[in-house]
Amino acid sequence: ACVIVADQKWDDHFWKSIVSAGIPHTNVRSYIIPHSEFWLRDTGPNFVVNQEGKLAMVNFKFNFWGFDRSKSENSKRESAISRQIANHLGITDQFDSELISEGGGREINGIGDMMVIGMLEDDRNSSWKEKDIEEEYGRLLGLKQIIWVPHASVYDDKYYNYRPFNKDSKGFTCQGHIDGYARFVAPNIILYTRHEVFPDSTKK
C-alpha cells in the first residue's frame, strides 16, 4: 500500500499512528508529495496500459474544480501530484495533457466508452471544441466513444447552497461530476439517479 503525505511532519505522524495502533506495515510505503487537497480521486494518477501490458501514466491539469482559473501555484502544485507519484513508482512512460480533467468527472466502462457531463467539460475547458476534447481523451485513454450528459442537476446548489469560492458556480461544488449521477455497473449497464423536486421546507 502507498500513502502520500504533504510534508515530513505528516509523514512522522502517519508512521507513529500506525505503529502505535499495531497495524501491520511491512508492505506500506509513504511518499512526501506537497499537496493541500485530499481528493486523490480527482488529482491523483491515471494509470493506463498499452497492448503489451506496459504501465504508463496520464497527467491531466487541475484547477480546483473550476474555481481557480489563474494557473496559480496552488493549481500547479496539485497538477504535479500524479507525475510525482509516477516518478516514485518508477513509471517512465508518462503522457501530459493541457486538458483540465478530474477523476470524478469521468466514468469509464473498461471497453472504450466514457461518460462525462458536457456542462462541466465546457466549464473546465472553455477554449476547447467538443471534437478536440474527444480526440484528446481518445488519444490518452484509448476511448472509442464518449457519452455526453448535457448537464448536472439544477437543484444541487438550490438545496445544498455550497459554493466555496464562486457564487456564480454551476452545480454542487464540483459543478457536476458524473460519478454523482450515472455509473457503469457493468460494461453495458448504466445506473443513474433521478432527482425529485421537493418543497424547500424538506431540505435544510
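Asp93 is partly exposed, with a relative accessible area of 28%, and its place in this predicted model is the loop between α4 and β5.

**Asp93 and its surroundings**

- Because Asp93 lies in the loop between α4 and β5 while Lys54 lies in the loop between β3 (46–49) and β4, the pair ties together parts that are 39 residues apart in sequence.
- Once residues up to four places away in sequence are set aside, Asp93 touches Lys54, Leu55, Ala56 and Met57.
- The C-alpha atoms of Asp93 and Leu55 are separated by 7.5 Å, although these residues stand 38 residues apart along the chain.

**Other salt bridges**

- Side chains of opposite charge can pair when their charged atoms come close.
- Twelve salt bridges are found when the whole structure is searched.
- Glu107 and Arg183 meet through their side chains in a salt bridge with an N to O distance of 2.7 Å; Glu107 lies in strand β6 (residues 107–108) and Arg183 in strand β9 (residues 182–186), so this pair ties together parts that are 76 residues apart in sequence.
- Glu107 is buried, with a relative accessible area of 6%, whereas Arg183 is partly exposed at 38%.
- Arg124 and Asp123 form a salt bridge whose closest N and O atoms are 3.0 Å apart; Arg124 is buried, with a relative accessible area of 4%, and Asp123 counts as buried at 9%.
- A network of salt bridges links Arg41, Asp42 and Asp179.

**Helix α4**

- In helix α4 (residues 81–89), the buried residues are Ile81, Ser82, Ile85 and Ala86; because they cover an arc of only 135 degrees around the axis, they are on the same side of α4.
- These buried residues pack against β1 (2–5), α2 (40–43), β4 (55–61), α3 (73–79) and β5 (94–100).
- Leu89, which also has its place in helix α4, is partly exposed, with a relative accessible area of 35%.
- After α4 comes Gly90, which has a positive phi near 75 degrees.

**Nonpolar cores and a surface patch**

- The largest nonpolar core has twelve residues, among them Val48, Ala56, Phe60, Met114, Tyr137 and Ile146; β4, β7 (113–117) and α6 (130–141) are the elements that give two or more residues to this core.
- A second, separate core has eight residues, including Ile117, Ala152, Ile178 and Phe184.
- Val48, a residue of the largest nonpolar core, is in contact with Lys54, Leu55, Ala56, Met57, Val58, Leu140 and Leu141, leaving aside its neighbours within four places in sequence.
- On the surface, Phe47, Val49, Leu55 and Leu89 form a nonpolar patch that together has about 360 Å² of accessible area.

- Phe64, found in the loop between β4 and α3, has a positive phi near 55 degrees although it is a residue other than glycine, and it is buried, with a relative accessible area of 8%.
- Trp65, found in the loop between β4 and α3, has a positive phi of about 60 degrees although it is not a glycine, and it counts as buried at 8% relative accessibility.

Note on methods
Residues numbered from 1 in each chain as written. Predicted model: local features only at pLDDT ≥ 70, side-chain atom pairs only at ≥ 80, totals over all residues. Heavy atoms only, no water. Buried < 20%, exposed > 50% of the residue type's maximum accessible area, 1.4 Å probe, protein only. Helix = DSSP H or I, 4+ residues; strand = E, 2+ residues; numbered from the N terminus. Arc of directions from axis to C-beta. Contact = heavy atoms within 4.5 Å. Core = buried A, V, L, I, M, F, W, Y, C linked by side-chain atoms within 4.5 Å. Patch = residues over 30% accessible without salt bridge, like charges linked within 9 Å, V, L, I, M, F, W, Y side chains within 5 Å. Areas by Shrake-Rupley, 256 points an atom, 1.4 Å probe, with all protein chains shown as cover. Salt bridge = Lys/Arg side-chain N within 4 Å of Asp/Glu carboxyl O.
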